[in-house]
Amino acid sequence: MPADQTEAAAEGHTATASRPDAGSRRGRRDAAALALKDVPHEPGAPKPDPILVADGIKRQFGGLTAVDVDHVELQRGAITALIGPNGAGKTTFFNLLTGFDQPNSGIWSFNGRSLSGVAAHRVARLGMVRTFQLTKALSKLTVIENMRLGATGQRGENVFRALFRSVWGAQEREITTRADDLLERFKLDAKRQDFAGSLSGGQRKLLEMARALMVGPEMVMLDEPMAGVNPALTQSLLGHVKDLREDGMTVLFVEHDMDMVRDISDWVIVMAQGKVIAEGPPDSVMGDQRVIDAYLGSHHDAVLTEEEEQEVLAKAEEALERERAENEETAQ
Amino acid sequence: MDWQRIIINALEASVGLQAVVFALAAIGLNVHFGYTGLLNFGQSGFLAVAAYGLAVTVATFDLPFWLGIVFGLLGAVVLALLLGIPTLRLRADYLAIVTIAAAEIIRLTVRSVTFEGTFGGSDGRQGFAGGFYDLNPYPKRQYNIGEFGFNERQMWILTVGWVLVALSCLIVFLLMRSPWGRVLKAIREDEDAVRSLGKNVYSYKMQSLIIGGVLGSLGGFVYALGQASIQPDIFGTDTTFFAYTILILGGAARVASPVVGAIVFWMLLSLTDNVLNEAIDAGYISSSVINNTQVGQFRFMLVGLLLMLLMIFRPQGIFGDRREIALDAR
Amino acid sequence: MHKRLALFLAVLFSTLAAVLGVGAGTAQAEGETVFGFLFQRKGTERVAYEGVTVAVKGPKGFTGKATSDAKGRWEVPLPGPGRYTVELDTKTLPKGVTLTDETKKSLKVEVLEGQTKPVLFPLGKSTRQVESKWSQAAQLTAEGLRFGLIIALAALGLSLIFGTTGLTNFAHGELVTLGALLTWWLSTGVVPFFPDFGGLQFFPAAAIALIVCGLFGWANDAGLWRPLRRRGTGLIAAMIVSIGMSIFLRYFYLYLFGGSTRQYPDYRGATGIDIGPISLAAVDYWSMAVAVVVLGAVIYALVNTRIGKATRAVSDNPALAAASGIDVDRVIRVVWVSGAMLAGLAGVLLGLAQGVNFQIGFQILLLIFAAVTLGGLGTAYGALVGSIVVGMFISVSTLWIPVELKNVGALGILIVILLVRPQGILGRAQRVG
């Protein structure tokens, strides 16, 4: 078993084992705010302790340039939001960083290790785990099997050792214990034996996040964690995202809901037409004229009338639906 | 109509050579398609590679029997690698097209006049099974319970065949309850999700392709040895689709389903063949409607229809649980 | 829709039952013989050679002799199974006629019990002549183009159906066969279920055949695929249903048509027309013209007409197309009807080129798939380009590889191209995830 796998597995284990108390939740948030205090509010700003650094990432589909990012850094231990209008290239950028797609040019590194040309599964093993915009719950596997799948460095995943339960049985029990702990934390323990396909949209999002944690990541990348989630569950999901930071993980997420972005993120990166156009803490970014122009078109007032809000929402929904349809098309 | 004969024929067919061969082929497909979601439409190619590997080694090059088995198995592994390398990174339908094309390439090559010296052209190869029957522990006589029974050669190949089926089922069972099997089933559901969890999906798919191919190739050996001769056209696309019908009949992604499917399938075919033939002979059906040679065509029509109906109305097979099958997931 | 499906299957069953009223048997000759035809192909025409002597030697000092008749046929009865040597007396061949390979004038054959063993001596221009390589290449290119155009007709339909519904239709070859069989039936007057039909001229027969193909395409969609789409049947499940259908129809055709290959009565023999080094029959020229015109018309329709644009929109993104007011079901219906007619036309033309048999379409199914895949799955132009490439490759490659292995070459190239350019020749790379 490669060393990085063992480490990642071990780290994930301790991270979930030592849950922080409510008091330290503020602590991590303040620490992140403090670290980012002196960072200039401009695209490509250097961070004091970057976990991910990307340079000159470019991806073209035919004649269309989907992503063209000069330079971007992500602060370790912070929650960073990636926002931008539809077609801004956020998901493509996610795909590139996590090895699910290869850029035409560009270099990027995670923890100082170059990830150019590194396959998606290796990126995950290095500690950078993602979720998907359209949840990928493995519907014909049970919830607990979904969770167990997430654990890395499993002896029984080797075809020869798989034949003998005595070789992997003990480890399987450990993994199951850890999975059960996480399920309890995500309030999915009652659904343990259900097929993942029978869960609601929000529960699938929770399952996907919990399953990602089984990998023992240092950094979690969430592609629209709130999309399609029942409002009753959003608060709990938000809490879970914040908990990730408290557990010492770095979070990058794509989101459309500005209130949510303002609520949980320490830093916001704005993309439009494939480029990073602005960076900064949530409040400052949302006041930025470039962002307002790119994101909301003419609706530049911070406070929108109810009518305007409805209109923006309808537009966003329409665009989302289109993107989703596209995705489905691609998935076929 | 001789109902006793018809029933005995059906029983013999249900445990006979074809049932063994197709059970093995379908067990391999179950690993590919049932558990991993790989659309291998070239299973007949794996059977062909094994059968010809054995036949050519022994009959053409005059090498020992066990070496033929080794070459046949190696052939199956190499075929899996050749098929997998270009296609396993691509969409599922590409694998389907490439595997069916590869199986046809194999069939057309071994039946060609150009390579007749090696593969025997459309007449195929014979005279390679001696080494196998030399090992036969059954003394020469008929082994019967009433009218139902086999001679010593059939007993030997059927014993070996069913032992292979049992061992294959055991291996599949052990693998599929393990974390390795879990990864396979997860790949069937959504391979990107599995990739995002740090599993090397490509490697697992390749392992699945090899294991399923090798299990299927056992069917090729059993067929070749049971018939003591092989012809290229046995390994056409219809063979693959028979195996699919059997797999779906039994219910994909269950350990025993290919076996159940094969038994039921060959019993059904034997029944319809025999009933029709007897009915024609007895004059119940006019031979202007259907004659004895056309019974074979009727059998294929029946298989086609069976495959359609199963897929439409009972994709989970006879015993399967609809919630568990992957077929309607996409 | 459950009802409709059941109805469709009931119709399928009852046709099967109904046919049991017709059907013909084939007699099998007893005793071993070797036989063959001495002829040369000029385009699609067969020129037979009469009065050529063939000698047979066998075990236990057996010798036999035969001379070919007006059809070029010769036959030698044998005393029993075994290995025989069949030798052509090249001196009795007409002037200017030679074996393509002089070393093949004596052939060894194995005759099994009760077997009527065919032995063919390939006659024609010697393939060893180096100077004719170029004219041969020109001839093969022309034949390849003809074959490619036929594949293109079928591939276009397959590609449109795949594009709009996502179905990989394994029964597409049977649509091709249907066109050829119907044309043969109608033009000979030997129509199953309608014994007193009476023969038609080739063109009206082909026209009716295409209309029936179109209806069958419509029935396919209305009776089977639309109900399945409504039920949310997955693409892979649908693909397997189409495999079942392919097997069923193929053997149903065999039951109705028998196993032999037959020619359309109006086109049993035609004279070759030479253009430069290329020698094709008149029927080949106009069948290529028909294919080009029809393909052109379909492409024009796809680009310029309302329904064509709608078809491309549905191929591009069904959800979006539906949202913008396109009647997706209607588009798919039109695609099925036209796809089946295109396939039927391919069958009619293929029947002209190589004779009609019950699996004429199934035999080119993989080549159609290869064409569509090469061009990039689901792109109409890609299917065209891929078809021409496949047709040409198969034909021209016989300059270097044995004719019997030409399809092996084409399928091999398919695998290699997928390795290098997985999206096909004209396909685009797409976003994942």
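User: Before we start, what pLDDT do local features need here?

Analyst: Residues are numbered from 1 along each chain as its sequence is written, chains are lettered from A and ligands numbered from 1 in the order in which they are written, and side-chain values use heavy atoms, with hydrogens and water left out. In this predicted model side-chain atom pairs count only at pLDDT 80 or more, totals for chains, interfaces and linings use all residues, and local features need pLDDT of at least 70.

User: How many helices and strands does chain A have?

Analyst: Helices (H or I, at least four residues) and strands (E, at least two) are DSSP runs, numbered from the N terminus. On that count chain A has 12 helices and 10 strands.

User: What share of chain A counts as buried?

Analyst: Buried means under 20% relative accessible area, exposed over 50%, and partly exposed in between, with a 1.4 Å probe and protein chains only. Of the 332 residues of chain A, the buried share is 54%.

User: Which strands stand at the edges of the open four-stranded sheet in chain A?

Analyst: Two strands pair if DSSP finds at least two bridges between them. The sheet pairs in the antiparallel sense, in the order β2-β1-β4-β5 of chain A. Each edge strand has a single partner, so one side of each is left without a neighbour in the sheet; the two are β2 (64–75) and β5 (113–114) of chain A.

User: Which residue of β4(A) is the bridge partner of A:Leu52?

Analyst: Strand β1 (residues 50–61) and strand β4 (residues 105–110) of chain A run antiparallel over five bridges. Within β4(A), the partner of A:Leu52 is A:Phe110.

User: And which helix packs on that sheet?

Analyst: It touches β1, β2 and β4 of chain A, where contact means heavy atoms within 4.5 Å. Axes are lines fitted to C-alpha atoms, for helices over the stretch in contact, and angles run from 0 to 180 degrees between N-to-C directions. At about 115° to the direction of β1(A), the helix is α3 (residues 90–97) of chain A.

User: Is A:Ser109 buried or exposed?

Analyst: A:Ser109 has its place in strand β4 of chain A. Leaving aside neighbours within four places in sequence, A:Ser109 is in contact with A:Ile51, A:Leu52, A:Val53, A:Ser114 and A:Leu115. With a relative accessible area of 19%, A:Ser109 is buried.

User: Why is strand β7 of chain A largely enclosed by the rest of the structure?

Analyst: Both faces are covered, with A:Met219, A:Met221 and A:Asp223 on one side and A:Val220 and A:Leu222 on the other. β7 (residues 219–223) of chain A is largely enclosed because five of its five residues are buried.

User: Which residue of β8(A) is the bridge partner of A:Met221?

Analyst: β7(A) pairs in the parallel sense with strand β6 (residues 128–130) of chain A over three bridges, and A:Arg130 stands opposite A:Met221. β7(A) also pairs in the parallel sense with strand β8 (residues 250–254) of chain A, over five bridges. There the partner of A:Met221 is A:Leu252.

User: What is the handedness of the crossover from β7(A) to β8(A)?

Analyst: The chain goes through helix α8 (residues 231–246) of chain A on its way. A crossover is right-handed if, with the strands pointing away from the viewer, the path from the first strand over the helix to the second runs clockwise. This β-α-β crossover is right-handed.

User: What is the relative accessible area of A:Met249?

Analyst: A:Met249 is found in the loop between α8 and β8 of chain A. Contacts beyond four places in sequence include A:Gly77, A:Leu213 and A:Val220. A:Met249 is buried, at 4%.

User: Moving on, what area do chain C and chain B bury between them?

Analyst: Buried area is the accessible area (1.4 Å probe) that two parts lose on being put together, summed over both. The contact takes 55 residues from chain C and 49 residues from chain B. With 76% of it on carbon and sulfur atoms, the area is about 4,800 Å².

User: Which residue of chain B forms a salt bridge with C:Arg250?

Analyst: A salt bridge is a side-chain nitrogen of Lys or Arg within 4 Å of a carboxyl oxygen of Asp or Glu. The rule finds one across this interface. With the closest N and O atoms 3.3 Å apart, the partner of C:Arg250 is B:Asp238.
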